[in-house]
Structure formats: C-alpha cells, structure tokens
Amino acid sequence: RVCSSVPQVTSLQDPPPAPVAMALARATAPRSAVSTTARRASRPARSARRAAPVASSAQDKANELLDTVSEAWDKTEDKTSVVTLATSAALALWIATGVVAYVEKLPFFPFFFEVVGITYSGYFVYRYLLFKPDREELSDKIDEYKGKIGL
C-alpha cells in the first residue's frame with residue numbers, strides 16, 4: 001500500500017530543483033528527520049536582512065575608534081615616551097603571566113587563591129549586595145567613579 005501524500009516517481013529523470021526538493025522533504029519526512037540546516041536554507045533573506053545593519057554598525061564603530069586613536073596620536077607631543085611606555089606595559093604583562101603560570105603549578109597556591117577568591121566574593125556580597133542601603137551605597141560609589149572618569 002502506498003500513502004497518498006507521498007509523491008511517486010514514475011520515471012528516472014533529473015532530480016527536482018532545490019526548493020521543490022525541500023518541499024518534498026518537508027512533506028514526506030517527519031519533522032525531526034528534516035535537518036535544521038535544510039530548514040534554514042529555505043529562508044536566507046531573513047538572516048541577510050539582519051546581518052547588514054550589524055556589519056555596517058561594526059564598521060562605523062571601527063572607523064570611529066580608528067579616528068579617535070589617530071587624533072590622540074596626532075595630539076601626542078612625546079611619541080617616544082608613549083611607545084616606550086606601551087612596550088614596557090606589554091613586557092610587564094608578559095612577565096606577570098609567566099609568574100602566575102609558575103605559581104599555579106605549585107601545590108598549595110591554587111587552592112589558597114581559590115579560597116581567597118571565594119572568601120572575598122562572599123564578603124563583597126555581604127558588604128554591598130545583601131541589604132538595600134548597602135546596594136544604594138555601592139551605586140553611589142559607582143556613580144562617583146563614573147563622574148571622575150567622565151562617563
């Protein structure tokens with residue numbers, strides 16, 4: 001017995017075009033058998049509409065950042081000092097990473113650092129997040145620091 005909803009192939013001919021094949025696959029296969037990729041392939045226009053504004057927004061932000069950095073570099077009078085400071089900072093970061101990696105290999109220190117982190121996290125929650133007046137105090141401190149850096 002043949003199900004009436006399943007199309008019958010009566011001759012050996014070229015396979016149907018992709019949209020027709022997708023429609024046949026949806027009609028004949030259970031929902032779980034049609035792959036997610038195959039279902040998404042039938043609607044590329046929606047993802048293309050979404051991707052275009054994101055790409056242009058990212059491009060605008062990158063251009064704005066590049067312009068800001070270029071202006072700051074042009075305003076800098078002592079470029080040698082800035083380059084030396086940046087190189088020193090990168091070198092210090094590299095050395096600090098090596099020291100932390102070495103200390104992490106020592107038997108007692110990872111456990112000690114974990115305990116210190118958990119203890120301080122608990123203290124921070126108790127001090128600033130548990131009660132409403134303390135949350136307001138933290139919010140005031142954050143706003144104060146935002147004012148100092150100009151945000």
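Modeller: Here is the model, and we can go through it topic by topic.

Colleague: What am I looking at, and what are the ground rules?

Modeller: This is a predicted model, with local features taken at pLDDT of at least 70, side-chain atom pairs counted only at pLDDT 80 or more, and totals for chains, interfaces and linings using all residues. Residues are numbered from 1 along each chain as its sequence is written, and side-chain values use heavy atoms, with hydrogens and water left out.

Colleague: How many helices and strands in the protein chain?

Modeller: The protein chain has six helices and zero strands. Helices (H or I, at least four residues) and strands (E, at least two) are DSSP runs, numbered from the N terminus.

Colleague: And how much of the chain is buried?

Modeller: Of its 151 residues, 4% count as buried. Buried is under 20% relative accessible area, exposed is over 50%, and partly exposed is in between (1.4 Å probe, protein chains only).

Colleague: What about contacts between residues at least 24 apart?

Modeller: They make up 0% of the contacts between residues at least 6 apart in sequence. Contact here means heavy atoms within 4.5 Å.

Colleague: Change of topic. Which residues make the nonpolar surface patch?

Modeller: Phe108, Phe109, Phe111, Phe112, Phe113, Val115 and Val116, covering about 670 Å². Patches take residues with over 30% relative accessible area and no salt bridge, joining like charges within 9 Å and nonpolar side chains (Val, Leu, Ile, Met, Phe, Trp, Tyr) within 5 Å. The areas come from the Shrake-Rupley method with a 1.4 Å probe, and for residues only the protein chains shown count as cover.

Colleague: Where is Phe109?

Modeller: Phe109 is in helix H5, residues 109-129. Phe109 is partly exposed, at 33% relative accessible area.

Colleague: Which of those rings are linked into a cluster?

Modeller: Ring pairs link Phe108, Phe109, Phe112 and Phe113. Rings of Phe, Tyr and Trp (its six-membered ring) pair if their centres lie within 6.5 Å; planes under 30 degrees apart count as stacked, over 60 as edge-to-face and the rest as tilted. A search of the whole structure finds seven aromatic pairs. One of them is Phe112 with Phe113, tilted, at 6.0 Å centre to centre and 50° between the planes. Phe112 is partly exposed at 37% relative accessibility, and so is Phe113 at 45%.

Colleague: On to charges. How many salt bridges does the search find?

Modeller: Four in the whole structure. A salt bridge is a side-chain nitrogen of Lys or Arg within 4 Å of a carboxyl oxygen of Asp or Glu. Glu137 and Arg127 form one, at 3.1 Å from N to O. That pair links distant parts of the chain, with Glu137 in helix H6 and Arg127 in helix H5, ten residues apart.

Colleague: What else does Glu137 bridge to?

Modeller: Lys141, with the closest N and O atoms 3.9 Å apart. Glu137 and Lys141 are both in helix H6, four residues apart, about one turn of the helix. An α-helix has 3.6 residues a turn, so residues three or four places apart point the same way.

Colleague: Which residues make up the network?

Modeller: Salt bridges link Arg127, Asp134, Glu137 and Lys141.

Colleague: Is Asp134 buried or exposed?

Modeller: Asp134 counts as buried because its relative accessible area is 18%. Leaving out residues up to four places away in sequence, Asp134 touches Tyr126, Arg127 and Tyr128.
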